[in-house]
Amino acid sequence: MSEQERNKKAWVDLQETLNRGDFETMDSFFHPDFEYVNPSRPDLSGYQAWKQSPMANYSTFPPCRYSVKDITAEGDKVWAYCHHYGKHTGGPYMGIAPSGNEINVEWFSIITFKEGKILRIFSIADVLGMMIQIGAIDKASLPTNNPNR
């Protein structure tokens, strides 16, 4: 198996580990120098800070399910288009009381590996869509390109 295939498999395996809520095993996927970069979540830069996010998602959005929709790799990088599903029933999210609504959030990550471990994740996620889905933002209040509105 090539390095690229191993790295892709590691990313897919991590999603399954998250789906099981196996946060101890999750640690084994990450390099000690891990860095997380997401313009909408600058608070999650180091591993211990970032780890809190999937842990909170697991309890806040049961049944929390992650999946990989498409994946490719070159060199030490993996590009992954992913999906996260759940129901906002397990507790508040960013101060928003449980709505009972389903969430379907898509995101894209570029994952860099070093020595077979995840060194860096750069992610862009549909946070606006998620906030609309849990009822924190009223979609009708958003501006549109429709001049008749």
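Tutor: Rings of Phe, Tyr and Trp, the last by its six-membered ring, count as a pair if their centres lie within 6.5 Å. Please keep in mind that this is a predicted model.

Student: How many aromatic pairs does a search of the whole structure find?
Tutor: Some of the ring pairs link up, and F30, F34, Y36, Y47 and W50 form a cluster in this way. Over the whole structure, the number of aromatic pairs found is 10.

Student: How are the rings of F23 and Y58 arranged, stacked or edge-to-face?
Tutor: F23 belongs to helix 2 and Y58 to helix 3, so the pair ties together parts that are 35 residues apart in sequence. Planes over 60 degrees apart count as edge-to-face. The ring centres of F23 and Y58 are 5.7 Å apart and the planes stand at 85 degrees, so the pair is edge-to-face.

Student: Is F23 buried or exposed?
Tutor: Buried means a relative accessible area under 20%. Y58 has 33% and is partly exposed, whereas F23, with a relative accessible area of 14%, is buried.

Student: How far apart are the end C-alpha atoms of helix 3?
Tutor: Helix 3 covers residues 47–60, and its 14 residues, at 1.5 Å a residue, should span 20 Å. The distance between the end C-alpha atoms agrees with this, being 20 Å.

Student: Which residue is the bridge partner of V68 in strand 3?
Tutor: Strand 2 and strand 3 run antiparallel and are joined by nine bridges. In the hairpin that these strands form, two residues lie between them, and G75 takes a positive phi near 60 degrees. The partner of V68 in strand 3 is C82.

Notes:
Residues are numbered from 1 along each chain as its sequence is written. This is a predicted model: local features need pLDDT of at least 70, side-chain atom pairs count only at pLDDT 80 or more; totals for chains, interfaces and linings use all residues. Side-chain values use heavy atoms; hydrogens and water are left out. Helices (H or I, at least four residues) and strands (E, at least two) are DSSP runs, numbered from the N terminus. The expected span of a helix is 1.5 Å times one less than its number of residues. Two strands pair if DSSP finds at least two bridges between them. Rings of Phe, Tyr and Trp (its six-membered ring) pair if their centres lie within 6.5 Å; planes under 30 degrees apart count as stacked, over 60 as edge-to-face and the rest as tilted. Buried means under 20% relative accessible area, exposed over 50%, partly exposed in between (1.4 Å probe, protein chains only).
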